[in-house]
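My notes follow the structure.

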Amino acid sequence: MILNKDTAQKTAALLLQINAIKLQPQNPFTWASGWKSPIYCDNRITLSYPMIRNYIRENLAKQIEELYGRPDIIAGVATGAIGIGMLVADYLNVPFCYVRPEAKGHGRQNKIEGHIEPNSNVVVVEDLISTGKSSLMAVEALKEANVNVKGMVAIFSYGFNVSETNFKKANVTLNTLSNYEMLLEEAESSKYINAEEAGLLSEWRNSPETWGQ
């Protein structure tokens, strides 16, 4: 869910402005999963734009404090959310760690990089939520380290039904700065896409695994 519609619309506008989100309903992308997609999102691009990255870190930090108070530690999900997670932790002046999708195959074979105390209150930061699978693997790794995961915040979510089901099943709350509905609203109102393209993009969200086949 989103907490503030104005923030959601501005976030969507900024991501479109710097091509962190690209919309190509007539010339779709192919994801690693094989899905055909009219959208491609790479929020790591925000790190190259100081004004935008500061806007995102400040609003993620405000969202965290509003929802959970100040946590003991911020955990970023590798690799996409390491940068923005560290910025949020710096803004809140709390420790930071990041979580790998799987343990390293050498050295100390860590899943969690950085110091984390048992029973700490942790908020997880993500850049993008699709199905939620990798994000929830990070939550599971943190729980195995005996910490209290208060919830997760992210820059953007596609809002797939499967992700909502996965988060509900894992009993993890998720809040995002912006989402797919706000993105389409902003893209159409700013003439980035027309009504026909908006219709194609809406159809994709309903059945992404079969769209365009």
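These entries go through helix packing, salt bridges and a surface patch in turn.

**Ground rules.** I am working with a predicted model, in which local features need pLDDT of at least 70 and side-chain atom pairs count only at pLDDT 80 or more, while totals for chains, interfaces and linings use all residues. I number residues from 1 along each chain as its sequence is written, and side-chain values rest on heavy atoms, with hydrogens and water left out.

**Helix packing.** I looked up helix 2 (residues 50-68) and helix 3 (residues 82-92), which pack at an angle of about 65 degrees with their axes 9 Å apart. Helices here are DSSP runs of H or I with at least four residues, strands are runs of E with at least two, and both are numbered from the N terminus. The axes are lines fitted to C-alpha atoms over the stretch in contact, and angles run from 0 to 180 degrees between N-to-C directions. I noted the crossing of helix 2 and helix 3 as right-handed, that is, the near helix is turned clockwise from the far one by less than a right angle. In the contact (heavy atoms within 4.5 Å) I found residues including R53, I56, R57 and L60 of helix 2, and I84, L87, D90 and Y91 of helix 3.

**Salt bridges.** I recorded six salt bridges in the structure, each a side-chain nitrogen of Lys or Arg within 4 Å of a carboxyl oxygen of Asp or Glu. One of them joins R57 to D90, with the closest N and O atoms 3.9 Å apart; this pair links helix 2 to helix 3 across 33 residues. R57 is buried at 16% relative accessible area, whereas D90 is exposed at 56% (buried is under 20%, exposed over 50%, partly exposed in between, with a 1.4 Å probe and protein chains only).

R100 and E113 meet at 3.0 Å, N to O, and this pair joins the loop between strand 6 (96-99) and strand 7 (112-113) to strand 7 itself, 13 residues apart. I noted R100 as partly exposed at 23% and E113 as buried at 15%.

**Surface patch.** I found that M1, L3 and L67 form a nonpolar surface patch with about 270 Å² of accessible area together, the areas coming from the Shrake-Rupley method with a 1.4 Å probe. L3 lies in the segment before helix 1 (5-17) and is partly exposed at 34%. Patch residues have over 30% relative accessible area and no salt bridge, with nonpolar side chains (Val, Leu, Ile, Met, Phe, Trp, Tyr) joined within 5 Å and like charges within 9 Å.
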